[in-house]
Amino acid sequence: SLHDALPIYLQQLRADLDAKIKELLEKIKETEEKLAAAEKERKAALELYEKAIEYADFPRIASQAESNLGNLLQKRAGKDLGGLKEAAAHLERAIAHDPSFVDARFNLATLLQDLNRIPEARAQYRAVLDLDKAHGNARLNLANTYFEAGLSDEAAKLQWSLIEDDSITDGVRLNALNNWARPIGTRTGT
């Protein structure tokens, strides 16, 4: 009868639920262990970069280590303002060691843009372009800073220069083309 079957069904349901809970708890524990191992590896990497900076006997080596440490800290920080400022400080030191280090300048510019320090970000994008006129991502990001500030005509000029430049990668040119439509719509009121 249904009355007799119900306790058996509930008992089986409880056993299935207990098994699923046990399985989920095991997965949670496994994930926590993986996260702890990853954090341990990140800490080891941070220590190695700090030692490389301390013992670097050439500015270029110190610059590379500072830049790599800044990038690692930026990824680790996520949206944490203090962590991003620490990452920016390392990138700034990388540039101080080697002012011609394009990647450090570009990474600092993107970080400054994320921190909404737009004038400083623009200055770094321009410095990148002074060092490497064909740096498409620097031009694209510089254009984006103008667009976000409501300077759509300036943004459109930079984006169009990317679209027309055959030396720029297709991906950057496509992004510029996609972005180029935004300022046009803004300028024409459509």
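His-90 touches Ile-53, Glu-66, Leu-69, Gly-70 and Leu-73, leaving out residues up to four places away in sequence; touching, or contact, means heavy atoms within 4.5 Å. This histidine is found in helix α3, where helices are DSSP runs (H or I, at least four residues) numbered from the N terminus. With a relative accessible area of 8%, His-90 is buried. Buried stands for under 20% relative accessible area, exposed for over 50%, and partly exposed for what lies in between, using a 1.4 Å probe and protein chains only. The model is predicted, so local features need pLDDT of at least 70 and side-chain atom pairs count only at pLDDT 80 or more, while totals for chains, interfaces and linings use all residues. Residues are numbered from 1 along each chain as its sequence is written, and side-chain values use heavy atoms, with hydrogens and water left out.

His-90 also turns up where α3 meets a neighbouring helix, α2. Helix α2 (residues 59–77) and α3 have axes that come within 8 Å and cross at roughly 165°. Axes here are lines fitted to C-alpha atoms, for helices over the stretch in contact, and angles run from 0 to 180 degrees between N-to-C directions. The crossing of the two is left-handed: the near helix is turned anticlockwise from the far one by less than a right angle, whereas clockwise would be right-handed. From α2, the contact includes Glu-66, Leu-69, Gly-70 and Leu-73, and from α3 it includes Leu-84, Ala-87, His-90 and Leu-91. Sorted by class, this contact has nine nonpolar, eight polar and three charged residues. For that sorting, Ala, Val, Leu, Ile, Met, Phe, Trp, Tyr, Cys and Pro count as nonpolar, Asp, Glu, Lys and Arg as charged, and the others, Gly among them, as polar.

Helix α3 (residues 81–97) also packs with helix α4 (residues 102–114), at an angle of about 155° and with axes 9 Å apart. That angle makes α3 roughly antiparallel to α4, and their crossing is left-handed. Leu-84, Ala-87 and Leu-91 are among the α3 residues in this contact, and Leu-108 and Leu-111 are among those from α4. The class count for α3 with α4 is nine nonpolar, one polar and two charged residues.

Next comes the inside of the model. A nonpolar core is a set of buried Ala, Val, Leu, Ile, Met, Phe, Trp, Tyr and Cys residues joined through side-chain atoms within 4.5 Å. The largest one has 32 residues, and Leu-108, Leu-111, Tyr-125, Ala-138 and Leu-142 touch the most other members. Helices α1 (2–55), α2, α3, α4, α5 (118–131), α6 (136–148) and α7 (152–164) each supply at least two of its residues, with the largest share, seven residues, coming from α4. Leaving aside neighbours within four places in sequence, Leu-142 is in contact with Arg-122, Tyr-125, Arg-126, Leu-129 and Leu-158. A second, separate core of six residues includes Leu-140, Ile-163, Val-172 and Ala-176.

Ala-127 sits in helix α5 and is buried, at a relative accessible area of 16%. Its C-alpha atom is separated by 8.3 Å from that of Val-102, 25 residues apart along the chain. Ala-181, in helix α8 (residues 170–188), is partly exposed, with a relative accessible area of 48%.

How values were computed:
Angles under 35 degrees count as roughly parallel, over 145 as roughly antiparallel, 65 to 115 as roughly perpendicular and the rest as oblique.
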